[in-house]
Structures are given as C-alpha cells and as structure tokens.
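These are my notebook entries on one structure. I set down what I looked up, entry by entry.

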Amino acid sequence: MTRALLSLLLAIGLRPALRPRLVVVITVDQLRPDYLERYRAQLQGGFAVLLKGGAVFTNAYQDHAVTETAPGHATILSGRVPAHTGIISNVQGVQDSTVPLLGFSGVGASPARFRGTALFDWLKTAEPAARALSVSGKDRGAILPLGHAKQQVYWYRAGVFTTSHYYADSLPPWVQAFNAQRVPFRAAGTQWTLLLPERAYPEPDSVPYENQGRDVTFPHRLPSDSARAAVAFVATPTMDSLTLAFALEGTRALRLGSRGATDLLLVSLSTTDYVGHAFGPDSREIHDQVVRLDRYLGRFLEQLAVRYGRDNVLVVLTADHGVTPFPERSRALGHSSAVRVIPDGVIRSANAVLDQRVAGGTGDWLVMETGMVLLTGRAVLAAHGVNVDSVIAALAAGLAALPGVARVDRPADLAGQDTSDPVVRRWRHQVPPDAGVELVVTLQPYSVWGSPSVAIAMHGQPTDLDAHVPLIFFGPGIRHAVHASRVRSIDIAPTLARLLDLTPGEPLDGRVLTELWP
Ligand SMILES: [Zn+2]
C-alpha cells in the first residue's frame, strides 16, 4: 500500500486490516500489575520491551466476582463474562471424566462447560487455513482461551506436556521428542537461587507464614527423586522457561505464521501463580520469579522477531487474576480485621439439617465454591416438604455472621441493583441464571477464603487486589502509549477482532479499545 493511499484511508476513518503472521496472547497466571511497577528498574527483558513499546493499559480488570484461573482465562479471548461463558469457577472448569489425558489415568479435561465461541473461531471463519497452538502449565490455562476449537492444545502433567482425548488420540512426534528430553526429571536436586545480587531484593526472606512454614528461605531445592522433582518443577521459575521453549518448538513444528494465514499462539505461564500462592505477593520469591520471567519473555520475543520480523507479530500480555496478601501480612500493614474465612462448619451444619428432613441424604445438598453457594436437589427437598427458601435464609444469616464476611446476597436480589458498585456488577457478571447459585458471599477487603488444612495467599474475591491485571498490546500498528482509562479483560477479544478485521460470532460483553487509535 502506498503512503498516499494509507493517508487517504486514515483520513476517511478506515484502517487497512492488520494481518500479522502470528498473534501471540500471553497470560501470566496471577500477575499483579503493580509487580511491573515495583520491579521496573530491574526489568530489562520481555516486560521491559512491552512496557516501553506497547499500548499499556494501567487500569485493566477481570470484571467478575470469582477471580480464579478458569473464569479468568475464559474471558480473555471470548469477550464475555462468566455469566455468559458458563465457566464460573475452577471446580466447574475443564475437568471431564469422558476424555482422559494421554498417558495418564483418571479425570481428563475439555472445554465442555464453555459456552459460545472465541476469537479463534472467528479467525477460522475468515481464514479457514488458520491454526492455533495453546500451551500452559495448567489444563485450564491452555484450554479455555481457545473455546471449543480442536486445535493443538497442551499442558504440563508430572514432567511432560500432554493433552486429552478431546483433542487427539496420540501425541505428535514433536511433542514426544520435546518430552523425551526429560528436562523436569533431570532438574532433580537442582536449586532455585536468586538471579540478582541479594541487595537487589529489599524483601525479608525468612517469613514464617510463607510456604506453610517449610523451606521459606533461598535457595529452594527440588527433590532428589526425579519423579518427585518433575511434579514440583511446575512451581519453579524454570517451568515458565520450559513452557516458552515448548511454545517456540510448537510454532516451528506446526509452521505457524509461515503458511500464508494468520495463526494464533496462546501461552499461559503458570509459575507466578504457584509462587504467589505459596510465598505471597510481597515475598522475595515472587520478586525473583517476576525478574526471571522478564528475562525468559525477552528471549521468547526475540526469537519470534528473528523468525517472523517485528512487524509480523502482534502480542497481547495480560493475566487471569491478581492475588491478595497473606492475612498475616495484611494485618501487619494495618488491615487489622484481615482473616482467613473458613465456611466449612456453617455449610456442614446446613447440610445436616437437610439430611434430617430427607432420608438417604449424603450431606452434599449445599456446596460452597469460592463465595458461591450452590444447591442441588431443590425439587427433591421441596417434595419432602422442606421450605428451601427459609433454609437458604438461615444459611445466609450464618454466613453473614462469620468474621471477615462483608455481605451475603441472593443473585436475584442483585439483578436490579446499581452496577456502579463493583461488587454488585462483578457478581452480576459472574452467575448464569441456570447455575443453581443460591447465595453469593463477599468478603471484606484483605480477607480471603481459607480451608482447615492449608494456609496460602489467595485470590477469588470481587476486589481490585484480585481483579486488577496488566494489559499490553504490542506490535505492528500499535503505538506506544499509557492509557489510564478503565478497561476489562473482556475488551481484549473485540479489540483483536477489530485489529484483525474479524466478525465476532455472537454478541460480546466487552468493547473495542478505541484508545489504540487516538
Ligand atoms: Zn490463575
């Protein structure tokens, strides 16, 4: 296209469709955007390149209530909230007993619960030759951004990348060859040490509530048994490096971006989430993880630029959620009422009451999933003369009385309420009307859901601590700018659709980020 024609098109408000050879969407699991500020002076790899050259949105959010991995990943390339994707929690995420993993017994994984279409479906309609590769440390991180598409989808399990029978009945030679290097097994006995000199880390290293009180200081050593090391490997920084190497090997083997069509590469990097849960967002470990990931991403982006040319790769970076500090840490910072809320006893009591009313009850009428109370058997209970609504009302009162609980709502009561209240809006974006959700429970800021057996840093609340995520667009046609407008993860898919001149397959909840074209 001549410069004159381009100027003319721009002058009359038309843009030529961007057709990069490869669209790369990188989701860093649990990456809080303040990490990029906090460690900015030490970033010199991929994060630095994206921050310096990209369109950086500093006020981006996952705008739903249950800020977990599965719902978050499902929003990113669908452009729709959990109430519409149907992916409402990790528990009701990708687990699927009908499609085992290749090489493993037990429950497999698929996008069976995902509703509707996603970006790759729209791309495929426009370009039938388009292909996608999606890789992650986690099944849900690899599966959900792609919707139902049966493309190349792989995730990590106990030392190897594999997939489920939903996608394939055998692993292709390039995956087998990659796995045959046995990198995670050979890492047995190796140490995770600090990347930078110790004085570069202001955080205390020895914090007793980190990592459940075990192995809280550097260096962290992998087990000497290779099978155990391969399992523990997923929570070490090298896992992200391995995932990126696997993604690069896949793009080469599948000839992505080299066949005349625009292809899609999705990478979800899981280690930040494992490190964040174990050590918290203010730890020396998360600091080192982010600085190391910056270097890995730098080499990854360099490889893509060498292979395809800088003007042929469009990159998006975001996260599926953030994280709230350990309550112990929050209290030390002045949030004196921060607690771990353990609702198990209240739920168990309510189930026991119902069991007394219906012979043969197994105590699982009511289930709590990260703030959502789900009921099964409402009709059975009603047929036995149980006034279900009064049972639910009593349970709501019991939950509201727990220290750390801010409010308990019935989803139907939120329908007419003001969505400028983020808690109201995020719950309305969360719950599909047919999901059997009777109550939604919101904690006070800095309090987190806990369990009787583990004490980790958590996310999952409709607070900005858990909802605030990075969002950066980088590549051809994208000008460097810092945008402070309030945007959401559901805006990514409509924006990519506009950039690639694609037509979404259904109405979306997000908007096109027109800030990219000032
Ligand atoms: Zn996650």
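**Entry 1: V183**

I located V183 in helix 9, residues 183-186; helices are DSSP runs of H or I with at least four residues, strands are runs of E with at least two, and both are numbered from the N terminus. I noted that the model is predicted: local features need pLDDT of at least 70, side-chain atom pairs count only at pLDDT 80 or more, and totals for chains, interfaces and linings use all residues. Residues are numbered from 1 along each chain as its sequence is written, and side-chain values use heavy atoms, with hydrogens and water left out.

I then looked up the exposure of V183, which is partly exposed at a relative accessible area of 27%. Buried means under 20%, exposed over 50%, and partly exposed in between, with a 1.4 Å probe and protein chains only. Leaving aside neighbours within four places in sequence, I found V183 in contact with F233 and L242 (contact means heavy atoms within 4.5 Å). From V183 to T238 I recorded 9.7 Å, C-alpha to C-alpha, for a pair 55 residues apart in sequence.

**Entry 2: the zinc ion**

Which residues coordinate the zinc ion? I listed D29 (OD), T69 (OG1), D320 (OD) and H321 (NE2), at 2.0 to 2.2 Å. Donors are N, O and S atoms within 2.8 Å of the metal (3.2 Å for Na, K and Ca); water is not among the atoms, so sites may look incomplete. The site of the zinc ion is tetrahedral, and its 4 donor atoms make angles of 97 to 130°; four donors count as tetrahedral if all angles lie between 85 and 135 degrees.

I wrote the sequence spacing of the donor residues as D-x39-T-x250-D-H. T69 lies in helix 4 (residues 69-76) and D320 in the loop between strand 11 (313-318) and helix 14 (327-332), so this pair ties together parts 251 residues apart in sequence. I found T69 buried, with a relative accessible area of 1%, and D320 buried, at 0%.

**Entry 3: the whole protein**

I counted 21 helices and 19 strands in the protein. The C-alpha trace spans about 75 × 55 × 50 Å along its principal axes. Of the 518 residues, 57% count as buried. I also noted that, among contacts between residues at least 6 apart in sequence, 75% join residues at least 24 apart.

Definitions and conventions. Tetrahedral: all angles 85-135°; square planar, octahedral: opposite > 155°, others 65-115°.
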